[in-house]
Amino acid sequence: MADFDQQRTQASQYFRNLQDRICAELAVVDGGPGFKEDSWQRPGGGGGRSRVLVDGGVFEKAGVNFSEVFGQMAPDFARQLPGEGADFTATGVSLVLHPRNPMAPTVHANFRFLTKGDQAWFGGGADLTPYYPYREDVIHFHKTWKAVCSRHPAPVDYAKFKNWCDEYFFLAHRQEPRGVGGIFFDYLEGEFDSLFVFIRACGDAFLDAYLPIIKRRMNEPYTEAQRHFQEYRRGRYVEFNLIYDRGTIFGLKTGGGGSSRF
């Protein structure tokens, strides 16, 4: 367990720094009031930093959140996850960015490290949700994540993670995808140092994957009808988060273990 403590500390320090870097870059692009921070504590152990930008120059609402929590899961939920017992730790960063301009896509990403009993694993990914897709944007997003994955050995597998993303971000009750995909992975176990290098590469690549797209689209002209369609499609986004999202479920089941969703 001592090794897990050290690993969690390493992961937590990286995720805190990643939150700082992403918020700083997004604030420059947005040019508005910047992020407001709400630090919170979880009664059962741990806490986090929620950072939200509202009514900015580019982003209508954006959240970039860090959490590090620990304690005991409810027995029924503990049985659904790997590892013995109910003791757990979880740390990670999660973000959702909603631009005001409907020509610019919403993006989501999260990267996390969890332990439970005698097991530890990484999870995460990033996915893009355009309202009016541009082929070059979709290609850029996917090529960025493929390049990241290609530099790392198994169990990292771009084709698997891409397919997993397509399958996961799918509204089964409507038989439609949430967006155009990206990568998604969970229960990624193995040699910690090697996997942590991959997770850091993913976190570091997020801005490369998204900033060129938002900079291309944030000043595109649009109509009120297109704005209305954007709001309509955001309803689908909410549906997914309330019904299927693992982070939302984890947070509800652990009393704050997941990050806010928008």
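This is a predicted model: local features need pLDDT of at least 70, side-chain atom pairs count only at pLDDT 80 or more; totals for chains, interfaces and linings use all residues.

Colleague: Glad to know! In what order do the seven strands of the open sheet lie?

Modeller: Strands here are DSSP runs of E with at least two residues, helices are runs of H or I with at least four, and both are numbered from the N terminus. Two strands pair if DSSP finds at least two bridges between them. The pairing in this sheet is antiparallel, and the order is S1-S2-S3-S4-S5-S6-S9.

Colleague: Which strands stand at the edges of the sheet?

Modeller: An edge strand has a single partner strand, so one side of it is left without a neighbour in the sheet. That describes strand S1 (36-41) and strand S9 (181-188).

Colleague: How many of the six residues of S1 are buried?

Modeller: Buried means under 20% relative accessible area, exposed means over 50%, and partly exposed is in between (1.4 Å probe, protein chains only). S1 is hardly covered, and its count of buried residues is zero.

Colleague: Which residue in S2 is the bridge partner of lysine 36?

Modeller: S1 and strand S2 (residues 46-54) run antiparallel and are joined by six bridges. They form a hairpin with four residues between them, and glycine 45 in the turn has a positive phi of about 140°. Glutamine 41 stands opposite glycine 47, while the partner of lysine 36 is valine 52.

Colleague: At about what angle to S9 does helix H4 run?

Modeller: Axes are lines fitted to C-alpha atoms, for helices over the stretch in contact (heavy atoms within 4.5 Å), and angles run from 0 to 180 degrees between N-to-C directions. Helix H3 (residues 135-150) lies across strand S5 (106-116), strand S6 (119-129) and S9, at about 30° to S9. Helix H4 (residues 158-168) lies across S6 and S9, and its angle to S9 is about 100°.

Colleague: Where does helix H5 bend?

Modeller: H5 (residues 192-217) has 26 residues and reaches 38 Å from its first C-alpha to its last, close to the 38 Å expected; that expected span is 1.5 Å times one less than the number of residues. A bend is the angle between axes fitted to the seven residues ending at a residue and the seven starting there. For H5 the bend is about 35°, at alanine 205.

Colleague: Is threonine 89 buried or exposed?

Modeller: Threonine 89 has its place in strand S4 (residues 87-99). Not counting residues up to four places away in sequence, it touches Arg8, Val69, Phe70, Phe113, Leu114 and Thr115. Its relative accessibility is 10%, so threonine 89 counts as buried.

Colleague: And what is the relative accessible area of phenylalanine 111?

Modeller: Phenylalanine 111 is in strand S5. Although phenylalanine 111 and glycine 124 are 13 residues apart in sequence, they are 4.2 Å apart in space, C-alpha to C-alpha. Phenylalanine 111 is buried, and its relative accessible area is 3%.

Note on methods
Residues are numbered from 1 along each chain as its sequence is written. Side-chain values use heavy atoms; hydrogens and water are left out.
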